[in-house]
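Dear colleague,

Please find below the structure that I am handing over to you. My notes on what was found in it follow directly after.

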Amino acid sequence: MARKTRSAGGQARKQAQRSQGARKKRRGSGYPRAGMGPIRRWLPSWRVVLATFLAFVTLGIGGLVGLYVTTEIPEADEFALAQRTTVYYTDGETELGAFSELNRSSVPLDQISTDLQHAVIASEDASFYENAGIDLRGIARALWNNIQGKPLQGGSTLTQQYVERYYIGTTTSLPGKVKEAILAIKIDREQSKDEVLENYLNTIYFGRGAYGVEAAAQAYFGVSAAELDLGQSAMLAGIIPAPSAWDPSVNPDRAEQRFDRVLALMVEEGWITQADADSASFPSVLEPDNDNAFAGTNGYLMDAARAELLANGFSEQELATAGYKIITTINPQMQQAAVDAVAGLPEDRPENNHVGLLSVDPRNGEIYAMYGGPDYLERQRNSATQDRAQGGSTFKAFGVVEAMDQGMSPEETFDSPAQYTVDNPGGEDIVFNNVDQRSYADVPLTELTARSLNTGFIELNEELGPHNTMEMAIKLGLPEGTPGLDAGVGNVLGSASPTGAEMARAFGTLANEGERVTPHIVREVLDRDGNRLYTGDTSSERVISAETAQLSTYVLSHTLQPGGTGADAALPGRPAAGKTGTSSGPMSAWFAAYVPQMVTVVDMYAIADDGSEAVLEPFGGLYQIAGGNLPAQVWHDYMVAATEGMEVIEFPDVTSLLADRKPTPTYEPPTYEPTTEEPTEEETTEEPTEEPTEEPTTPEPTEEPTTPEPTEEPTEEPTEGPTEGPTETTPEDPENNNAGRSGGPPGRPDNPGDRGNR
């Protein structure tokens with residue numbers, strides 16, 4: 001019995017030991033906590049949470065104290081002097097211009113209107129005279145608004161803004177903002193409020209190149225800072241966050257909204273009475289002074305560079321004040337060649353005649369040269385990148401490319417009657433005409449392109465499918481929304497109105513053997529420390545096959561060969577391909593052509609007094625302006641100078657490709673020898689000809705049935721290739737240098753079939 005009792009006691013001791021060990025283990029980790037529910041037993045106690053929080057707060061305060069002690073107020077940053085942004089040519093050394101001519105005049109606080117002082121304080125930092133350089137409530141309020149998805153707000157005090165502008169430059173990183181806050185506290189302790197306010201008002205940017213309130217007062221109102229009234233002060237204070245965008249001359253509605261806001265805040269803060277606010281009126285401002293950096297032809301280059309950077313995330317204020325180094329793609333020698341080529345036009349050129357020129361490297365999209373007009377300060381519309389003009393027969397190039405893409409032979413033949421009618425189920429039939437009112441039979445596509453025969457291209461477009469031609473134009477580089485671009489059968493004659501830059505992109509795709517690039521004028525942007533902030537997009541995308549592009553170039557090269565509408569523009573010793581274009585009226589004339597390393601587009605158009613398109617009045621002794629005369633002259637003169645010293649690169653050899661593409665077999669009509677007594681059909685149908693692709697396929701009647709040849713008159717120089725057709729003595733062909741439309745003076749014809757002259 002005793003043994004049983006001892007045994008039971010031993011078991012109890014062992015159980016107690018196990019329980020004690022378990023308690024020790026629980027005390028070691030603390031979890032799970034005894035006496036708690038299944039979830040709370042694993043959650044930390046409030047003591048642990050509080051202790052952890054206090055530890056982090058202590059560490060944070062210690063870190064901030066350390067930063068405060070070790071942070072010294074630096075010398076005024078160069079940003080306080082607002083470095084100008086300089087634009088360079090492609091060599092990175094030759095200056096092209098600058099975005100802002102700095103205008104700064106510092107004045108003491110007692111020479112600054114008290115209305116202006118109070119307006120800025122009310123708008124930017126209402127607690128300026130009470131806070132210690134930072135406003136924790138303002139920071140918390142801004143953070144909460146931002147978290148809620150409301151319009152983004154900043155929590156910076158006026159002192160923090162002053163630190164940012166005067167000492168450390170613009171910063172958005174968390175470490176930068178922490179440093180900014182510490183400096184603001186330190187400066188608030190070491191400088192008086194009046195000193196901070198004076199320095200702030202003398203360094204803040206107000207737009208129009210004006211730094212400081214004295215320069216701003218002069219720029220906007222023509223008065224000194226001391227003379228600013230309440231209305232003027234409220235307007236200036238209101239535009240501080242975005243002065244270039246909210247300038248009343250740019251956005252008057254937004255400027256007035258900000259004006260009202262400032263007055264309301266001034267009343268709220270007790271700086272003025274409601275009666276004062278009600279009596280204040282929105283002030284009139286002076287027109288902005290023209291920036292001389294934008295004068296002349298270079299102004300268009302400067303504006304294009306600025307527009308490109310704004311579209312890629314830069315702000316107006318950054319470009320005006322950040323001291324960037326912008327390196328463009330513009331070659332100074334080529335740019336001068338472009339200016340000289342346009343200046344070489346006849347002196348009697350009408351005032352409403354405009355010319356644009358854009359020259360691009362088709363391999364990477366970099367713009368070599370651009371002529372947007374004679375003086376940007378006189379006209380702020382770029383003739384090469386912004387103005388639009390009907391493309392005319394340059395659109396026949398898109399038909400050629402689509403034909404090659406569908407597997408057609410460059411020697412495929414087409415009839416081109418003087419007049420051709422297309423059924424229009426939805427209305428009246430559409431009649432198209434050849435410009436010279438002549439008929440041509442069995443014309444190879446190469447010659448059809450060289451002569452730019454309208455009705456033959458309409459037949460080609462019917463076979464290709466007009467919607468396919470439109471899609472090809474878009475694929476090569478035209479925007480889908482190009483005005484006038486549609487899927488009508490006449491689209492191949494160019495009633496759509498692209499810009500010169502868009503056409504350069506499209507033709508550049510052919511020069512780059514099917515790979516499309518985006519023309520751009522900025523190569524790179526460097527900050528004041530030499531860090532690269534931006535690089536132009538040089539990427540390419542294949543949109544058509546190399547075979548299609550090469551064969552298209554082969555066809556288009558006939559334009560610049562003897563007999564072609566652009567023969568006079570041919571470059572000595574250098575192959576080129578392209579297309580002339582003259583619209584109805586004519587309202588416009590184009591020459592778009594390229595060599596392997598350079599595509600250049602020249603457009604000429606006229607603008608009426610009311611801003612609408614106008615007829616191109618002839619000048620320089622010409623009967624009519626056409627793509628093959630003056631635009632071709634400008635293209636030629638520029639290209640000769642621009643390609644000087646450039647390697648001569650031949651277009652790819654397409655001999656094997658031509659061998660794989662045979663034209664549709666043709667039927668040989670019988671021929672009759674007038675000297676024979678009774679010619680037989682066998683005699684004529686069995687005899688082959690030397691050039692079967694050049695011969696007529698069917699005995700189609702023409703307007704001149706007595707002449708079996710496709711041209712009405714023999715050319716001065718018989719050739720195996722395309723012949724010139726009408727000579728300069730016949731005014732029917734607008735692509736010849738002294739050409740004009742027969743049947744009356746230039747004007748928009750009622751017949752839509754006259755679109756797309758040569």
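**A buried tyrosine**

Tyrosine 376 is buried, with a relative accessible area of 11%; here buried means under 20% relative accessible area, exposed means over 50%, and partly exposed lies in between (1.4 Å probe, protein chains only). Please note that this is a predicted model, in which local features need pLDDT of at least 70 and side-chain atom pairs count only at pLDDT 80 or more, while totals for chains, interfaces and linings use all residues. Residues are numbered from 1 along each chain as its sequence is written, and side-chain values use heavy atoms, with hydrogens and water left out.

Tyrosine 376 is located in the loop between strand E7 (367–371) and helix H16. Helices (H or I, at least four residues) and strands (E, at least two) are DSSP runs, numbered from the N terminus. Which residues does tyrosine 376 contact, leaving aside its neighbours within four places in sequence? They are Phe294, Gly296, Gly299, Tyr300, Asp303 and Arg306, where contact means heavy atoms within 4.5 Å. The C-alpha atom of tyrosine 376 is separated by 6.4 Å from that of threonine 297, although the two residues are 79 residues apart along the chain.

**Aromatic rings**

Tyr376 also belongs to a cluster, linked by ring pairs, with Phe99, Phe294 and Tyr300. Rings of Phe, Tyr and Trp (its six-membered ring) pair if their centres lie within 6.5 Å; planes under 30 degrees apart count as stacked, over 60 as edge-to-face and the rest as tilted. By this rule there are 13 aromatic pairs. One of them joins tyrosine 205 and tyrosine 211 in a tilted arrangement, 4.6 Å centre to centre and with 35 degrees between the planes. Tyrosine 205 is buried at a relative accessible area of 6%, and tyrosine 211 is buried at 3%.

Phenylalanine 398 and phenylalanine 507 form another tilted pair, with 6.4 Å centre to centre and 55 degrees between the planes. Phenylalanine 398 lies in helix H16 and phenylalanine 507 in helix H20 (residues 500–511), so this pair ties together parts that are 109 residues apart in sequence. Both phenylalanine 398 and phenylalanine 507 are buried.

**Helix H18**

Why is helix H18 (residues 454–464) described as largely enclosed by the rest of the structure? The reason is that 9 of its 11 residues are buried. Among the buried residues of H18 are Phe457, Ile458, Leu460 and Leu464. The cover over the buried residues of H18 includes helix H16 (396–405), helix H17 (445–451) and helix H19 (466–476), as well as strands E8 (413–416), E9 (419–422) and E10 (430–433). After H18 comes glycine 465, with a positive phi near 100 degrees.

Strand E17 (residues 588–595) has 8 of its 8 residues buried, so it is largely enclosed by the rest of the structure. Ser588, Trp590, Ala592 and Tyr594 point one way from E17, while Ala589, Phe591, Ala593 and Val595 point the other way.

Strands pair if DSSP finds at least two bridges between them. Strand E16 (residues 577–582) runs antiparallel to E17 and is joined to it by 6 bridges; alanine 577 has tyrosine 594 as its bridge partner in E17. The hairpin of E16 and E17 has 5 residues between the strands, and glycine 585 in the turn has a positive phi of about 120 degrees. E17 also pairs in the antiparallel sense with strand E18 (residues 598–607), over 8 bridges, and a hairpin of 2 residues joins E17 to E18.

Yours sincerely
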